[in-house]
Amino acid sequence: MRARLRLTAAVAALACLAGCASVPSGGRVTSGRPAERAEPIAEPYVRVVPVSPRPGWAPDKIVKGFLIASSAFNDDYKVARQYLTSSADAAWRPGPRPQVIVLDGEPIISAPREAGGEMLVEVTATRLGHIGSDGQYTAQPGGAYTATFALQSNSAGQWRISRMPAELRDGLLLSQSDVDRVFRVLNLYFFDPDGKVLVPNAVFLPLVNRQRLARQLVAALLAGPTTWLKPAVRSYFPSGTRLQDVDISDGVATVSLSAEAYRGDHERMSAQLTWTLQRLPEVRRVRLQIDGDAIEPGGVGPIQAPEDWEEYNSDTSEGGTEETVYLRGPDGRPHQLHDNDVTTPANTSGRDRLHRPALSPHDGRSRIAGLNADGDTVLSGDLLGGTPIRPVMWAEHSDGRFTPPSWDLRGWLWSVESFSGGSSLWLRQRDRQPVRIRQWELSGHRVVAFRVARDGVRVAAIVKIGGSRQLRLGRIVRDAKGVISVGGFLPISPELVDVTDLAWGDSTSLAVLGRTKPTETQVTPYWVPVNGGDILPVGTASQGEAESITAAPGSRIVIGARINGEDNICRQSSLRDWRFDQWKCAPLGSDPTYWS
């Protein structure tokens, strides 16, 4: 039997501090407050003190020492390079923002075996995912991973790594605990293609020096969005803009840019900067300087705060109030829900018996859409009178059924038709005839739910894959000719093994109904950060079966549930208390939806 070593970092006994990156790995369900509402990043970076190779170390121990030392991020990996031959050292270029293969748990290192004059050592583990050099994390759960290192003996008779796997020449092999220790997840902010709202772009940044984190953030912002989001958003920093300095004093971050920034939209550049830096506790406001000159964008003065650019916040309600909830009443018509558990019918007309309604207050018109009883027709009209509710989309297939409709920030209406052979994505732009999106990545899968984020750029979907319903995050891309494609779907929170409904809670999180274990008999509401952070169970709304969920920025989660054979609406009693028993249910109807 071959001997095996388990890789154990010097800091393995230390728990990851709050604010660390959270790589989804299955079962990472926490209790407490939602991650996006309380994600401290001020905790110090826990540094590994790497050990140089010792005389007489065997090849497997050399590989183990290299992996530990390369997780230290110290002085351009100075100690880690001591484990390499000169040729391997010259070929290894991880850089300050390396690509990372993320492993689940501690990898197993095999005993060395001889082959062709070299000693080969294998490292095996379960692969969780990949962090790109742009900071984009892509989950790849459940896959076996093997890396082979070749070693040679030097003139002193000491073993050194002469060749490493090709995928590591520009990166690192880190365990989940190493990623939790070294990286922080932060949002960069870019604009939707029309420049109307800010779109968060979560990136994993190595926290090697806490004092330089603000500079790291601005440098990452100037470098542009991640490869995944880049086709769907725009940045207002002109090409060639360089960061000269970031100085923080008395809560004000002075960001100095090169002269190229003069050509940009100063107001939107400031909005991107202030929103990107707002998560740092030491930064409350931002001063923008270009080539040494103070800039006063938008007439708000030389120092700006995120609230100065609230007009670009996609989470700001555009109509009604954040607490305005509508539902499907017992008569099948849309009703407004009041805090005293009283509902009043909306002033709709036409075919107003809607299932799974959705509301859009854009363009000064309060429009509503929903499904007919069979789910093969999407209906839409005005919520407060005017245009009657009438059919606007029809299933192409005899067994076609639509997902609950979703509005975007332009007032466009989206829905996915699923059928036995897959699915089609349909779009109705304002009052035009619906069109089928030709470039639809999920066409080979049945889709249970499809929701467009309030920024109009990102989408969340529940996709049937095998025997489960999985959560995916995608993007909407419009090219220069206006052709729309929807794809780039990434898995979110693989620990949710079965998802039945979802809603965007705010720009960074989803409210989801799902299960974390196949043996669970009931779905449970969860708060799910889309950046890969830990999910939070929000308690069981009732003893019945939760069927639908809705949420809105700064508002309570609302659930439609069947309890003792009746349709109930269940609401959180408080935003400040997420305990099991803090829900209030009443038999008022079904299918709640926020006006947001």
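**Close-up views of the predicted model**

**Figure 1. An open sheet of four strands runs in the order 17-16-15-40, with antiparallel pairing.** The model is predicted: local features require pLDDT of at least 70 and side-chain atom pairs count only at pLDDT 80 or more, whereas totals for chains, interfaces and linings use all residues. Residues are numbered from 1 along each chain as its sequence is written, and side-chain values use heavy atoms, with hydrogens and water left out. Strands (E, at least two residues) and helices (H or I, at least four) are DSSP runs numbered from the N terminus; two strands pair if DSSP finds at least two bridges between them. Strand 17 (343-345) and strand 40 (590-594) are the edges of this sheet, and each has a single partner strand, so one side of each lacks a neighbour in the sheet. On average, neighbouring strands are turned by 30° against each other, direction ignored; axes are lines fitted to C-alpha atoms, for helices over the stretch in contact, and angles run from 0 to 180 degrees between N-to-C directions. Within the sheet, four bridges connect strand 15 (residues 325-328) with strand 16 (residues 334-337) in the antiparallel sense. Tyr326 faces Gln336 of strand 16 across this pairing, standing opposite that residue.

**Figure 2. A second open sheet of four strands has the order 18-19-20-21 and antiparallel pairing.** The edges are strand 18 (355-360) and strand 21 (390-394); each has a single partner strand, so one side of each is left without a neighbour in the sheet. The twist from one strand to the next averages 25°. Strand 18 runs antiparallel to strand 19 (residues 367-371), to which four bridges join it, and Ser360 stands opposite Arg367. On strand 20 (residues 377-382), the residue opposite Arg367 is Asp382.

**Figure 3. Strand 19 is largely enclosed by the rest of the structure, because five of its five residues are buried.** Buried denotes under 20% relative accessible area, exposed over 50%, and partly exposed the range in between (1.4 Å probe, protein chains only). Arg367, Ala369 and Leu371 are buried on one side of the strand, and Ile368 and Gly370 are buried on the other, so that both faces are covered. Five bridges pair strand 19 with strand 20 in the antiparallel sense. These two strands form a hairpin with five residues between them, and Gly375 in the turn has a positive phi of about 80°.

**Figure 4. Helix 5 (residues 213-223) carries buried residues: Leu213, Ala214, Leu217, Val218, Ala220, Leu221 and Leu222.** The elements that cover them include strand 8 (183-191), strand 9 (198-206), strand 10 (243-249), strand 11 (252-257) and helix 6 (266-277), where contact means heavy atoms within 4.5 Å. Just after the helix, Gly224 adopts a positive phi of about 105°.

**Figure 5. Cys570 and Cys585 form a disulfide, with their sulfur atoms 2.2 Å apart.** A disulfide is a pair of cysteine sulfur atoms within 2.5 Å, and a search of the whole structure finds one. The bond links distant parts of the chain, with Cys570 in strand 38 (residues 566-572) and Cys585 in strand 39 (residues 583-586), 15 residues apart. The torsion about the S-S bond is about 115°, so the disulfide is right-handed. Cys570 is buried, at a relative accessible area of 0%, whereas Cys585 is partly exposed at 32% relative accessibility.

**Figure 6. Tyr137 and Phe204 form a stacked pair, because their ring centres are 5.4 Å apart and their planes stand at 25°.** Rings of Phe, Tyr and Trp (its six-membered ring) pair if their centres lie within 6.5 Å; planes under 30 degrees apart are stacked, those over 60 edge-to-face and the rest tilted. Tyr137 belongs to strand 5 (residues 137-153) and Phe204 to strand 9, so the pair ties together parts 67 residues apart in sequence. Both Tyr137 and Phe204 are buried. Ring pairs also link these two residues with Phe66, Phe73, Tyr77, Trp92, Phe149 and Phe183 into a cluster. The structure holds 15 aromatic pairs.

**Figure 7. The charged end of Arg268 sits over the ring of Tyr236, 5.4 Å from the ring centre.** The criterion places NZ of Lys or CZ of Arg within 6 Å of the ring centre and within 35 degrees of the ring normal. Arg410 likewise lies over the face of Trp412, at 4.9 Å from the ring centre.
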